[in-house]
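Please have a look at the chain shown here, and then read the numbered notes with it open beside you.

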Amino acid sequence: MLTPDQVTAQAIPPLESVDILVVGGGTAGAVAGIAAGRTGYRSLVIEQLGFLGGTQTGALVTPMMPNQVEGRPLNGGIDWEINQRLNRAMESGVWKDGNRGWFNPEMLKVTLEQMVIESGGHLLYYTLVEDVVVEGGAIQGIVIANKAGRSWIRAQRVIDCTGDGDVAARAGVPFASGDPETGINQPFSVRFHLGNVDLDRLAAYLQSLGRCDVMPTAEGSAVPLIHTAMVWGRGWTLEPLFRQAVAEGVLQESDGEYFQVFTMAGRPGELAFNCPRISEQVDGTNPWHLTQAQVRGRQIIQRYVAFCRRYLPGCEGAYLVLSAPLVGVRESRRIQGEYVLTAEDVLGARKFPDGIACNNYPIDIHRPTQDQRPGLTHLPPGTYHEIPYRCLVPLGVEHLLVAGRCLSASFEAQGSVRVQSNCRAMGEAAAVACGLSLDLGISPRQVNGMTLRQTLIDRGARLTPVSQPEPVV
Ligand SMILES: Cc1cc2nc3c(=O)[nH]c(=O)nc-3n(C[C@H](O)[C@H](O)[C@H](O)COP(=O)(O)OP(=O)(O)OC[C@H]3O[C@@H](n4cnc5c(N)ncnc54)[C@H](O)[C@@H]3O)c2cc1C
């Protein structure tokens, strides 16, 4: 952490001065960038990769999990706008039970980028946070590193959307990471795509086995919807094939710990895999762990590709399209904010006056091995809870907010609210809160949560006005 005087003493050149700086252009950050641009204040998104979308596009995490009650989505606002744009372009479709978050990650990159530019916001890719500049308990900007060397960006407000809370941690905000009992983080996944697959033949084969999701034509897409999985001992119909493949040396026993496959809207002939899973050395803030995950992941992917070609009808001529350039990190730092969301809040369907997003996705914690996995813990049917604004307001540092999976939540609660539509909603709320705080000349901590909630409602969020005692969807 540096003071402005230290920045001067170290001759770190200034690069930019902005009103709202979004750090990390991922699931939450891209939406924060769009919302920040729409405030009319000068805004900038910096991102270590050369595109937006983060885990959605770089870690190839498709589709968006459902966050809806009786088929009605709980998230609106920019999340809804993005999905509508993709739907119109046939680059997204309806996943199970009316969930519209079944998308083509490549088209999501383009859509997010266009929306940031249209909003009047600015982008700087290939740029990593190196340090933070803090004075008098308030963040003043960040030091960045990129091909041009070191420089710093002065900012009136900073939103940490790095997924790992990199900015907040460097600014001294307390945080937790991993399961409080073991300290272990949820497993990583290194996802991949397979091309040249005859999806109709594969779908017919999987249907003949039973227990899989196959819809010949998913609404809004020309691609058949296929979803299946295999986990040892869980009754999946692919288990005998996996047993045979292990016996014949094509797969290893550990490859059957978690195997899952989907099709993607807008990508005929392709499959997206939610595996391999990496369960050891899974600290998402440790570059050695991330490197090891990529290396091991690519080795395991070779086995999965061989398995598909040899045993799955329709995959005989398949080839590896790509392995994810970004390791899929489910959970790392969870910053400590003004409020820590708990499992009781989630499962008790708790509402908050400063609620900025609604969620009913279950608590979904992946464990190193499947026999340790409790499965999904659902909210009572037909209910949802809210995420309060205070979960985005870190302790101890002014003019800084966080959004995304690194929000202030317990390990269990994070295992529920980390899904993509919530991360988007948090990104939008954080940027709108920054806009309000600049309008009023106050710190984001002082922004009235109920005013923020109403402002989000005015912008299309599916929240109910606080005056209603019993919010309805
Ligand atoms: C394997 C896996 C499967 C999942 N399955 C689903 C699913 O099916 N459906 C669903 O809805 N959710 C799923 N999730 C959860 C969800 O995808 C993530 O929780 C969510 O996308 C995280 O969003 P985020 O904005 O917090 O982080 P990210 O989307 O990861 O964004 C962080 C961004 O910050 C950038 N960044 C990081 N550090 C720096 C830095 N220091 N400087 C500059 N840039 C930086 C990154 O490059 C990235 O673009 C899954 C997650 C994983 C890992």
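Predicted model: local features only at pLDDT ≥ 70, side-chain atom pairs only at ≥ 80, totals over all residues.

1. Residues are numbered from 1 along each chain as its sequence is written, and side-chain values use heavy atoms, with hydrogens and water left out.

2. The chain holds 12 helices and 25 strands, where helices (H or I, at least four residues) and strands (E, at least two) are DSSP runs numbered from the N terminus. Of its 473 residues, 60% count as buried; buried means under 20% relative accessible area, exposed over 50%, and partly exposed in between, with a 1.4 Å probe and protein chains only.

3. Helix 7 covers residues 239-247, and in it E239, L241, F242 and A245 are buried. Seen down the helix axis, these buried residues fall within an arc of 155°, so they line one face of helix 7; the arc is that of the directions from the axis to the C-beta atoms. The face turned away from the buried side carries the exposed residues P240 and A247.

4. Just after helix 7, G249 takes a positive phi of about 80°.

5. Strand 19, residues 319-323, contains Y319, which counts as partly exposed because its relative accessibility is 46%.
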